[in-house]
Structures are given as C-alpha cells and as structure tokens.
Amino acid sequence: MDPIVPPFVPVLLAALLLPFVGRRVGHALGVLATAVVVPYVWLVPTGEHLPVKLFGVFDAVLFNVDGFSQLMGIIFGFIGAIGVLYSWASDADSRQTAFALSYVASSLGAVFGGDWLTLLFFWELMAVTSTLLVWHYGGRAVRAGYRYALLHGVGGTLLMGAIVWHYAEVGTFLFTGEGMAGPVAPILAGIGIGVNVGFVGLHAWLPDTYPRPHIAASVFLCVYTTKTGVYGMYRAFPEGELAIAYMGGIMAVFGAGMALLQNDMRRLLSYHIQSQVGYMVAGVGIGSALGQAGAMAHVFNHILYKGLLFMTAGVVVYRTGKESLKKLGGLRHEMPITAVSFAVAALSISGFPGFNGFVSKGIVISASHYDFPKGPFAVGDFHTLELLLLIGGVGTFLSFIKFGYYAFLRGEYDGSVKDANRGQTVAMVTVAALCVFYGIFDGALFALLPFDVTGQVVSHAYHTYTVKHLVEGFALAAIALVGFVLIKKPLEKVGGSVPDIDALYNPAAFYGTRSVVVGTTELYAAVDRVAVAVAGTATTAVQRLGHGVVTGLGGRPVELRTDIRNGVLLIVMALVVALVVVL
C-alpha cells in the first residue's frame, strides 16, 4: 500500500504557520491547504485506509475513505477555502484564521477516522479549537464561548462513556458497520452526539454562541460542529433509530419557529442550523438507503447555502455595523450583490425548485414518506415525520421572507453604505453559483452520494423534478407568503431576543453552582468551629486530668497525672463523639 497522508495534516500545518508568515501570505497558504483537500479526497480510492496501533495495544485507523467520509471531506475542504478567503476580505487577523484552520483540521480528522478512539480525539479537539475561535473575539463572545465549552464538554464525556461501553461489548474500537452495541452505549451516544447536532433541549449553545464572534468566525462555526455531529450520528446508528428520526422532525419545526421570532440576523440563522440539521438527523434516523443518502445530500447543500447566508449577513454587519433587522431596510439598492446572494441562499435553504435545497430536502421527505411507519398522528397519505418536515419547510420560507423583507426590501436605508468588497464578492458569488448548479443539475449531486438514489439500492427511486415534487415546493412557498402577510404585524411587536431554554438553565446553573459552593464552604466552616470547640474542651479536660489538683482523703491535695497514651486516647474519643454529633 502506498503511503498516504490524512487530509488534516496540511491544514493543521497551515494553521501553525499562518501567524508567522504575514497576513496576506498566511491566508493564501490557508486557502491552498484547504482547497487541495478537495481533489485529494476525491482521487483517493474508496477503501483506502491508514491503520495504526494506539499505545501499542488498540487498533485504530487515522484515514478511512468511504462514500460518507469522502463527501464530507470534499465539502469541508471547499468551504474551508472559501471561509479563509472571506476571512481575509473581512479583516480577520492571522491568529483568528489560524484557530479557524485548526478547527477545520480537527473536523477533517474526525470524519476520516476509521475508529471510535480517533473520532473521539478529534471530536474533543474540535470543541477546543472552536472555543478558541469564539474566545478570540473577546467581549460577549467570551462568556458565550465558556457556556459553549461546558456543554460540549458534557457531550464529549457522554460520547466517551458510550465508546467505552461499546468496547466492553464488542472488544474493538474499529467501526464495524453495526453502530453502537449493547443497551447503554446507544443511549449515551445519542445524547452526547445530540449536543453537537442541536437536539431540542440541548441546542441553546447554538444561537447563544454563533452570533457573538467575528463575522468570519461565524462562517466556519456554522459548518463544522453540527455536520460532524450528523456524520457521528450515522456512525453510531447506521441502521437508523425511530426516536432519532422523530427528534429530527421536531428540530425542523422548533428551529424554524424560533428563528421566525428573532430579529438578530445571526441568531435567526443559528436557529435555522438546528432546523436544517433536523432534516439530516431525520434522514439518519429513518435508516434506509434513501434516508441516509438524503441526509448526506442535505449536509452537502446546507454547508453551501448556510455558509452563504452567514457571509451575506456578515457583509451587512461589516458595512452597517448593525445586527438587528429592525435597524435595517432597503439595502437592495445599496448592496445589490449581497442582496442577490442572499436571495439565492434563502431560496436554497427554503427548498424552492431550481435550487440545491429543493433536491436534498426532497430526498429526505420522500424517505419519510416511503420508508417510515405512519405513526398515530398521520394525516391521510402523509406520515407523521413527513408532516413535521413539511411544517418545518413552511417555517423556513416564513423566516427568510421576513429576513429578506426587513433587510433588503422594506423602505430605504438611512445612509450610504458600500456593497461587499472584492474578496467577499468572489466568496459569495462562487458559493451562490454552486447552489444554483446543484439545484439544476441534480445528477452532479447524486454522483457524490454514498448511495445511488435513482437506482436499485433504494426502496423508491428518487427523481427531483416530478409534478408532485414541484407542486409541493411551490405550495410551501405560497403558504408561507400568505402566512407572512397575515402575521407580519404581530411579528413587528416581537422585540429583542426571544428567550429560549437557556434562560432557565443558565441562571439555574449559575445560582445552583454558587449555592453548592457557598453551602460547602459554610458546612466546612461549621464543622471547623465544632471541631475547634471540641478540641479545645478536650485539651482543657486533659490538662486538668493530667496536671490538675484535687482533694484526697484526709483533705490533703492530690496531684493527678497521666501519660501521653491516655491523653491521645481521650482526644481521639472526643473527636469521634464530635463527628457523630455533626453527622
């Protein structure tokens, strides 16, 4: 076997060198290091792997190429190069981009690992490097990054527990193609990975963190953690799981609903990460070839249009200094390139015919129709999960009609601003072109998928541009358009940041932790006071017993003495009595 180099190596080297070679040269090196990943993983044959021995005992695989990891590597490398270009154009400093590249490298290491130990190592490194990327911006990003690190620490710990339990069941850390083994490991893995993908209830780190750092950092953050989580979910549940599929449907609805209530642009986009990842999680949970192919297709497409959305929002912030939609309006005249790029991304994420989101969403929705049990809440020919995904689709259209209306269409912008600069324009237009390309030439996307969705391997061959699918896409858009007209006035009354579950558990964690610390300190102080008092009493008694004077027979004074052994015995007895009283 010819020697092969894992694709994270050149990216990590570029991250290490970038701060020392100058900003222009360093960013050029970063673009090259990430861009070269695309042809590299495309050309490496499927089945290629790099086995190693960890600690001389455990079998591990640092580089494992199959249909799933290959697709992840291609899109991770491409968007990494775009992200570095956008960072340079958006005035990100060299250290920030170095943190971003180390984040990209750790994500590549995770998706190309061929065993659970390798995946876990890079999984945790990914949490560390992304936290550093957030913290680097300072200000409000520091506290958000701290909460982010805590939650991902909990998720990583649960995943590690699952991996250990899995090893105890099967005796190997290598991927066997059967997922997590035993009764406990799947539960721990589902919850641990659920933190990364944004399960409802475990998701609040996402809208809390992603709006805080530098605009270029948000482009990287919106891509790697959640999509690596989807990949990890597939490895843990390669045959699907009913509960995970339903959680995906709930994520699609919840994320879209919460996004609709936001006025902060990047917070709105962050909730839509959760919503769109819900489609991917649903596809993995369905477990069929069609569902899994749809999940990976949506990973690929989502990275394109979500990266583009964060870039367009970033340009608006970069030029206007404003994050809230309520402070914007009429930017289509001042920023036509950004407005058109946003429109492409918005139509793509909403699943409008002719754009890439329509293709991949359609695959997942078809899998939910053909390959999933109806359930008790099915309506007519629609399955329960399918209904959730369709409702999520309406919510997505609504959110981006709102975003586009308030940012680019309503009124006139008060002031004069410039459009995206040259580097930002190249980054946005390149990604926008791919969103349209993969929407029209769906066969190009199908060629990247691990399963042929149009062939014999799937239960129902998928074809994108059928009358049924087109009617569905246009109907969702029409319902959302009418819905926005009806709810526009109430939405305008929503001000500030709508609270989420973290409004409960952040104060609970803070005051709960403080109560534990204060309670422990006070208990220690109380025990200390009792121990000191008892010791003082015991010492006085010993002194009086050993050296005191009492009256003996005949009225003559008698001096009582004792040796050291009796004194120690008395002290020990006193401490035992004190301990019994305290407890």
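In this predicted model, a residue counts as buried under 20% relative accessible area, as exposed over 50%, and as partly exposed in between.

Q: Is Phe474 buried, exposed or partly exposed?
A: Phe474 has a relative accessibility of 43%.

Q: Which class of aromatic pair do the rings of Phe352 and Phe474 form?
A: A search of the whole structure finds 28 aromatic pairs. For Phe352 and Phe474, the ring centres are 5.4 Å apart and the planes stand at 85°. Planes over 60 degrees apart count as edge-to-face, so this pair is edge-to-face.

Q: How many residues apart in the chain are Phe352 and Phe474?
A: Phe352 sits in the loop between helix H15 (336–350) and helix H16 (356–370). Phe474 belongs to helix H20 (residues 467–492). The pair therefore links distant parts of the chain, and the separation is 122 residues.

Q: Why is the pair of Phe358 and Tyr465 classed as it is?
A: The two ring centres lie 5.5 Å apart, with the planes at 35°. Planes under 30 degrees apart would be stacked and those over 60 edge-to-face.

Q: Which parts of the chain does the pair of Phe358 and Tyr465 tie together, and how many residues apart are they?
A: Phe358 lies in helix H16, while Tyr465 is in the loop between helix H19 (442–446) and H20. The pair thus ties together parts whose separation in sequence is 107 residues.

Q: What is the relative accessible area of Phe358, and what is that of Tyr465?
A: Phe358 is buried, at 5%. Tyr465 is partly exposed, and its relative accessible area is 36%.

Q: How are helices H8 and H10 oriented, roughly parallel or roughly antiparallel?
A: The axes of H8 (residues 185–197) and H10 (residues 215–236) come within 7 Å and cross at roughly 160°. Angles over 145 degrees count as roughly antiparallel, so H8 is to H10 roughly antiparallel.

Q: How many charged residues does the contact of H8 with H10 have?
A: From H8, residues including Ile193 and Asn196 meet residues of H10, among them Thr225 and Met233. By class, this contact has six nonpolar and seven polar residues, and the number of charged ones is no residues at all.

Q: What is the C-alpha distance between Val494 and Leu261?
A: Val494 is in the loop between H20 and helix H21 (502–547). Leaving aside neighbours within four places in sequence, Val494 is in contact with Leu261, Asn263 and Lys326. Val494 and Leu261 are 233 residues apart in sequence, and their C-alpha distance is 6.8 Å.

Key:
Residues numbered from 1 in each chain as written. Predicted model: local features only at pLDDT ≥ 70, side-chain atom pairs only at ≥ 80, totals over all residues. Heavy atoms only, no water. Phe/Tyr/Trp six-rings, centres within 6.5 Å; stacked < 30°, edge-to-face > 60°. Helix = DSSP H or I, 4+ residues; strand = E, 2+ residues; numbered from the N terminus. Buried < 20%, exposed > 50% of the residue type's maximum accessible area, 1.4 Å probe, protein only. Axes fitted to C-alpha atoms, helices over the stretch in contact; angles between N-to-C directions. Parallel < 35°, antiparallel > 145°, perpendicular 65-115°, else oblique. Contact = heavy atoms within 4.5 Å. Nonpolar A, V, L, I, M, F, W, Y, C, P; charged D, E, K, R; others polar.
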